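The following paragraphs lead through the architecture of a predicted model. The account begins with strand pairing and then turns to helix packing and the nonpolar cores.

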Amino acid sequence: MPLIRLQLPIDPDPLPQEVADWIAEGMRAVQAFQDIWDRRPIEQFVAADYELVYRAMRGICQAGYLTGNRFGEWGCGFGVIAGLAASLGFDAIGIEAEHRLLSEARKLQQSWPHRADLYEGNFLPTHAEQLATTDDLPSLAHDQLPVYGRIDLDVDDFAMIYAYPWPGEEEMFLESVFEHYAANGALLLLYHGSYDLRLWRKVGGNLKRKKNRVGL
Ligand SMILES: C[S@@+](CC[C@H](N)C(=O)[O-])C[C@H]1O[C@@H](n2cnc3c(N)ncnc32)[C@H](O)[C@@H]1O
């Protein structure tokens, strides 16, 4: 079976103050963006529960689940989670198709010392749309080129990928893309809504340990 679901370790410790401040700043920025936006809304942009995702990522680091150090956020929006991953020691990359969201992410990162690399483009690799069972999925609606050629990386270079599928996204599509393109041993962390975070590992074949394990 190529994807197995792992028990999600949620770290219960208090948040570092800088993390709590950054999450608060990210939430303020999202709120301000939504409040003043008076043109076409970006498909009901919604942000995840940043604190929960941070606790999960920290738990994953501590549990020794990782096979490498590279983290990708598929559809990074304001880039808060990519920034949190960078603060945990990941080599973090955020990919976002919406120019306006990525500009907000870049602005926000100016006040954060743990930089993630943010790229405008499509997180879906070439031909990934063929894995969809319907062509009206929100993540297929972007016409940007896949970002991977430009950044000289492939999906299988990431030890962990995080995504929050758009509301309305078919539940299994991102899992299928990950299952098809990710490296053996890589992790997929999906936020499906409040208190619904799911962690998957791709298995099968040799599990390669890449680079150093993330340390806290
Ligand atoms: C529900 S929001 C999640 C934002 C952020 N990751 C979070 O967890 O708060 C989904 C994001 O994915 C982006 N997105 C959707 N499909 C995409 C694609 N094919 N390539 C790049 N970004 C995409 C959207 O523009 C949106 O910012």
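Gly72 has Ile93 of E3 as its bridge partner. This bridge belongs to the pairing of strand E2, residues 70-74, with strand E3, residues 91-96, which run in the parallel sense and are joined over five bridges. Both strands are part of an open sheet of seven strands with mixed pairing, ordered E1-E7-E6-E5-E2-E3-E4. Strand E1 (3-6) and strand E4 (117-120) form the edges, each pairing on one side only. From one strand to the next, the twist averages 25 degrees.

Helices pack on this sheet. Helix H4 (residues 99-109) touches E3 and E4, and its direction makes about 165 degrees with that of E4. Helix H6 (residues 173-181) also packs on the sheet, where its contacts are with E1, E2, strand E5 (160-163), strand E6 (187-193) and strand E7 (196-202). The direction of H6 makes about 175 degrees with that of E6.

Which residues have the most contacts inside the largest nonpolar core? They are Met57, Phe78 and Leu84, in a core of 46 residues. At least two residues of this core come from each of helix H1 (17-36), helix H2 (50-63), helix H3 (80-87), H4, E5, E6 and E7. The most is given by H2, with eight residues. Around Leu84, leaving aside residues up to four places away in sequence, the residues touched are Val19, Trp22, Ile23, Tyr50, Tyr54, Met57 and Trp112.

Definitions and conventions:
Residues are numbered from 1 along each chain as its sequence is written. This is a predicted model: local features need pLDDT of at least 70, side-chain atom pairs count only at pLDDT 80 or more; totals for chains, interfaces and linings use all residues. Side-chain values use heavy atoms; hydrogens and water are left out. Two strands pair if DSSP finds at least two bridges between them. Helices (H or I, at least four residues) and strands (E, at least two) are DSSP runs, numbered from the N terminus. Axes are lines fitted to C-alpha atoms, for helices over the stretch in contact, and angles run from 0 to 180 degrees between N-to-C directions. Contact means heavy atoms within 4.5 Å. A nonpolar core is a set of buried Ala, Val, Leu, Ile, Met, Phe, Trp, Tyr and Cys residues joined through side-chain atoms within 4.5 Å. Buried means under 20% relative accessible area, exposed over 50%, partly exposed in between (1.4 Å probe, protein chains only).
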